[in-house]
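I opened my notebook to go through this structure piece by piece. Here is what I looked up.

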Amino acid sequence: VQLVEFGGGLVQSGGSLRLSCAASRSINLFYPMGWYRQAPEKQRELVAVFTSGSSTTYADSVKGRFTISRDNAKNTLYLQMNSLQPEDTAVYYCNVRFTGRIYWGPGTQVTVSS
């Protein structure tokens, strides 16, 4: 399984970005599948994840601002990020656990200026 993230960039505080994660194969059975992020000198942390079916889990810090979604027909996972803050600055990674293995994308940089 190969994962590639798109959509990162530089945005001002209060702005929005939409991240995409394209998978090399069908994601119909990809659970859990979600987004993590890693800020400089910090540990990688969960942002949002599909746990099963349409069930999702969000980090407290992004609840109400970020929305995870998926399009199984396009083999793509999304993360809509609104009301971005400087503390959201990080490299964002797509992640999936499938057939006992964990797969990561290379990440996409999100920088939020104040």
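Predicted model: local features only at pLDDT ≥ 70, side-chain atom pairs only at ≥ 80, totals over all residues.

In which loop is the place of Pro32? I found Pro32 in the loop between β3 (17-23) and β4 (33-38). A cis peptide bond joins Tyr31 to Pro32, with omega about -5°.

Residues are numbered from 1 along each chain as its sequence is written, and side-chain values use heavy atoms, with hydrogens and water left out. Strands are DSSP runs of E, at least two residues long, and helices are runs of H or I, at least four residues long, all numbered from the N terminus.

**Positive phi**

I looked up Ser83 next. Its phi is near 50°, a positive value in a residue other than glycine. Ser83 sits in the loop between β8 (76-81) and β9 (90-98). For burial I used relative accessible area: buried is under 20%, exposed is over 50%, and partly exposed is in between (1.4 Å probe, protein chains only). Ser83 is partly exposed because its relative accessible area is 36%.

Thr99 also has phi near 50°, positive in a residue other than glycine. I located Thr99 in the loop between β9 and β10 (101-104). At 63% relative accessible area, Thr99 is exposed.

**Salt bridges**

How many salt bridges does the count come to? It comes to 4. The rule asks for a side-chain nitrogen of Lys or Arg within 4 Å of a carboxyl oxygen of Asp or Glu.

I checked Arg37 and Asp88: their side chains meet in a salt bridge at 2.9 Å, N to O. Arg37 is in strand β4 and Asp88 in the loop between β8 and β9, so the pair ties together parts 51 residues apart in sequence. Both Arg37 and Asp88 are buried.

Asp88 also meets Arg65 in a salt bridge, 2.8 Å from N to O. This pair links distant parts of the chain, 23 residues apart, with Arg65 in the loop between β6 (55-58) and β7 (66-71). Asp88 counts as buried because its relative accessibility is 1%. Arg65, at 16%, counts as buried too. I wrote down the network of salt bridges: Arg37, Glu45, Arg65 and Asp88 are linked in it.

Lys63 and Asp60 form a salt bridge at 3.1 Å, N to O. Asp60 is exposed, with a relative accessible area of 65%.

**Nonpolar core**

I turned to the largest nonpolar core. Such a core is a set of buried Ala, Val, Leu, Ile, Met, Phe, Trp, Tyr and Cys residues joined through side-chain atoms within 4.5 Å. Which of its 30 residues touch the most other members? They are Met33, Trp35, Leu79, Met81 and Tyr92. β9 gives the most to this core, with 5 residues.

I followed the contacts of Met33 (heavy atoms within 4.5 Å). Leaving out residues up to four places away in sequence, Met33 touches Leu3, Cys21 and Ile27, among others.

**An open sheet**

I traced an open sheet of 4 strands in the order β1-β3-β8-β7, with antiparallel pairing. Two strands pair if DSSP finds at least two bridges between them. β1 (3-6) and β7 stand at the edges with a single partner strand each, so one side of each has no neighbour in the sheet. β7 and β8 pair over 6 bridges in the antiparallel sense. The bridge partner of Ser69 in β8 is Tyr78.
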